[in-house]
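Please walk me through the structure shown here, from its overall make-up to its packing and a few individual residues.

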Amino acid sequence: FRKLSQEFYALLHAITDSLILFSPEMEVMWTNSESAMRLRPNDSDPAGQYCYALIHEPAALSLDCPISRCFASGQKEVAVATHRGAVLDLRAFPIKEGRTVTSVLLLISDITEKMALQAEAMQAGHMASLGELASGVAHEINNPITGIINYGQILINECLAGSMEKDIGERIVKEGDRVGRIVKTLLS
């Protein structure tokens, strides 16, 4: 039993996420202290403090606290909150005796980096979609422009020097080349 207790204690304190056990009065009964200390670095021991003093921002006491919801519902409750610039995933699990919730275990995971990576991946997806759109537009513009330039070249080749038709053909080729450069710039 002693060995199992030591292993259990080592496991709980090795977890990088914060585990906090709350009483029905919302008082901290136990924490895996190393992780929970990061919530309030100036405080030496979170045990004995109350939920609102430990987890919630001082100016923004959460009325929608997953711990109080868990006590009320007897079900697992989940929330996402910000705390000192970090995005936290809060998961409250009821501990029951019969049908009565005697305490709540709160698991707090810092998901700030995960959220940043998801935002970055979403941005990359948007950029890829924009690239595909630009490529499709360029393809749809280049096909008719090539035909227009070819018709302008036919006018240049078939008409007499100095004629109005040859001048129109040269203008068509010149403007077609300009559109081609614009499309190429769009792609790059």
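Among contacts in the protein (heavy atoms within 4.5 Å) between residues at least 6 apart in sequence, 39% join residues at least 24 apart. The model is a predicted one, in which local features need pLDDT of at least 70 and side-chain atom pairs count only at pLDDT 80 or more, whereas totals for chains, interfaces and linings use all residues. Residues are numbered from 1 along each chain as its sequence is written, and side-chain values use heavy atoms, with hydrogens and water left out.

The protein contains six helices and five strands, which are DSSP runs numbered from the N terminus, helices being H or I with at least four residues and strands E with at least two. Read from the N terminus, these elements follow the order α-β-β-α-α-α-β-β-β-α-α. Of the 188 residues, 29% are buried, a term that stands for under 20% relative accessible area with a 1.4 Å probe and protein chains only.

Neighbours within four places in sequence aside, Phe 71 is in contact with Phe 22, Ser 23, Pro 24, Met 26, Val 101, Thr 102, Ser 103 and Val 104.

One of these partners, Met 26, is placed in the loop between strand 1 and strand 2 (28-31). Met 26 is not a glycine, yet has a positive phi of about 70°, and with 18% relative accessibility Met 26 counts as buried.

Ala 79, in strand 3 (residues 77-83), is also buried, at a relative accessible area of 15%. Beyond its neighbours within four places in sequence, Ala 79 is in contact with Pro 66, Arg 69, Leu 88, Asp 89 and Leu 90, while the C-alpha atoms of Ala 79 and Arg 91, 12 residues apart in sequence, lie 6.6 Å apart in space.

Finally, helix 5 (residues 112-158) and helix 6 (residues 164-187) pack at an angle of about 160°, their axes 8 Å apart; the two helices are therefore roughly antiparallel, a label for angles over 145 degrees. Here axes are lines fitted to C-alpha atoms over the stretch in contact, and angles run from 0 to 180 degrees between N-to-C directions.

Definitions and conventions
Parallel < 35°, antiparallel > 145°, perpendicular 65-115°, else oblique. Buried < 20%, exposed > 50% of the residue type's maximum accessible area, 1.4 Å probe, protein only.
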